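Visitor: I am new to this structure and would like to learn how to read it. Could you walk me through it one feature at a time?

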Amino acid sequence: MSERRIENYLIDMDGVLVHEEHPIPGADAFIAGITAAGLGFLVLTNNSIFTARDLSARLARSGLIIPAERIWTSALATALFLHTQRPGGSAYVVGEAGLTTALHEVGYVLSDRSPDYVVLGETRTYSFEAITRAIRLVRGGARFIATNPDPTGPSVEGLLPATGAVAAMITKATGITPYFVGKPNPLMMRSALNTLSAHSETTVVIGDRMDTDVVAGLEAGMDTVLVLSGITGRADIERFPYRPTAVVDSVAKLPVGRDVHTIDGALTPADKP
């Protein structure tokens, strides 16, 4: 069987390229290798707090030079989704600049008066008043959207409640479950593919979580690589009813441009992690 051609990578950020502000060893060389090979890539993140430009600057401080146009966030995916569903609509937003900027850029009006949508994103300053307003608007008929279902997020001090946890609070108060746009929804992967003008058969997803990155890539029809530098450990893989195409310790161990079915970390049905 001939090797599958690899033309693009969709790369998770936290746990794959960085841990908070610290680069994962070899991540810079991997990105440089993709660029030198003339391959395409996007860095994906469920984080909706920051704009792509903000994240580019933060990554640069960690020694990773990644242009803003190579970063795809759940905020950007959410804005694009709403633009395709209801162009020129309105939204009440609980979130920060990454989300509000993305919505403004697709022509959305931010309003707390009979908005088309309540859009919940991640923030480090959740306001009881803002959440209460969101609950009343959803109960009043606004459609409920959330950027991602992550219940917790990382910080230097430890785990923090994230979008999924606050969404659960609003759901409990309204009986309405939001539509989650970010991973593991394959919609985010599809929107990233469209941004790259890429095809699923020649694109590989690289992530550190079985329950978001791997399942989203699988459902979007792509090969997947699980790196063990983040959340999911090798012993956890067998708990899931699906498997990544390959498992490697980190992106430093992943040969650029190689068919992931043929690398040392490729799994077969007989493999036991």
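Guide: Gladly! Let us start with E7, which is partly exposed, its relative accessible area being 31%. Please keep in mind that this is a predicted model.

Visitor: How do I read a number like that, and is R5 buried or exposed?

Guide: Under 20% counts as buried and over 50% as exposed, with partly exposed in between. At 52%, R5 is therefore exposed. R5 and E7 also form a salt bridge, where the closest N and O atoms are 2.5 Å apart.

Visitor: How many salt bridges are there in the whole structure?

Guide: A search finds 9 of them. One of them joins the side chains of E21 and R58, 3.0 Å from N to O. This pair links distant parts of the chain, 37 residues apart: E21 is in the loop between β2 (18–19) and β3 (22–23), while R58 belongs to helix α2 (residues 52–61). E21 is partly exposed at 34%, and R58 is partly exposed as well, at 27%.

Visitor: Which residue forms a salt bridge with R239?

Guide: That is D236, and the closest N and O atoms of the two are 3.7 Å apart. R239 is exposed, at 62% relative accessibility, whereas D236 is partly exposed, at 25%. Salt bridges can also share partners, and in that way D12, K183 and D213 are joined into one network.

Visitor: How many bridges pair β1 with β4?

Guide: There are 5, in the parallel sense, between β1 (residues 8–12) and β4 (residues 40–45).

Visitor: Which way do the side chains of a strand point?

Guide: In a regular strand they alternate between the two faces of the sheet. In β1, N8, L10 and D12 point one way, Y9 and I11 point the other way, and all are buried. With 5 of its 5 residues buried, β1 is largely enclosed by the rest of the structure.

Visitor: What is the span of α3, and which of its residues are buried?

Guide: Its 12 residues reach 16 Å from the first C-alpha to the last, close to the expected 16 Å. The buried residues of α3 include A75, T78, F81 and L82.

Visitor: Which residues does I145 touch?

Guide: I145 is found in strand β9 (residues 143–146) and is buried, with a relative accessible area of 4%. Leaving out residues up to four places away in sequence, its contacts include T78, F81 and L82, and also Y117, V119 and P178. The C-alpha atoms of I145 and F81 are 10 Å apart, although 64 residues separate the two along the chain.

Visitor: One last stop: where is T232?

Guide: Look in the loop between β14 (223–227) and β15. A polar atom of its side chain lies 3.1 Å from the backbone nitrogen of M210. Beyond its neighbours within four places in sequence, T232 is in contact with D208, R209, M210, L226 and V227.

Conventions. Residues are numbered from 1 along each chain as its sequence is written. This is a predicted model: local features need pLDDT of at least 70, side-chain atom pairs count only at pLDDT 80 or more; totals for chains, interfaces and linings use all residues. Side-chain values use heavy atoms; hydrogens and water are left out. Two strands pair if DSSP finds at least two bridges between them. Helices (H or I, at least four residues) and strands (E, at least two) are DSSP runs, numbered from the N terminus. A polar contact is a pair of N or O atoms within 3.5 Å; within protein, one must be able to donate a hydrogen and the other to accept it, and residues adjacent in sequence count only if both atoms are side-chain atoms. Contact means heavy atoms within 4.5 Å. The expected span of a helix is 1.5 Å times one less than its number of residues. Buried means under 20% relative accessible area, exposed over 50%, partly exposed in between (1.4 Å probe, protein chains only). A salt bridge is a side-chain nitrogen of Lys or Arg within 4 Å of a carboxyl oxygen of Asp or Glu.
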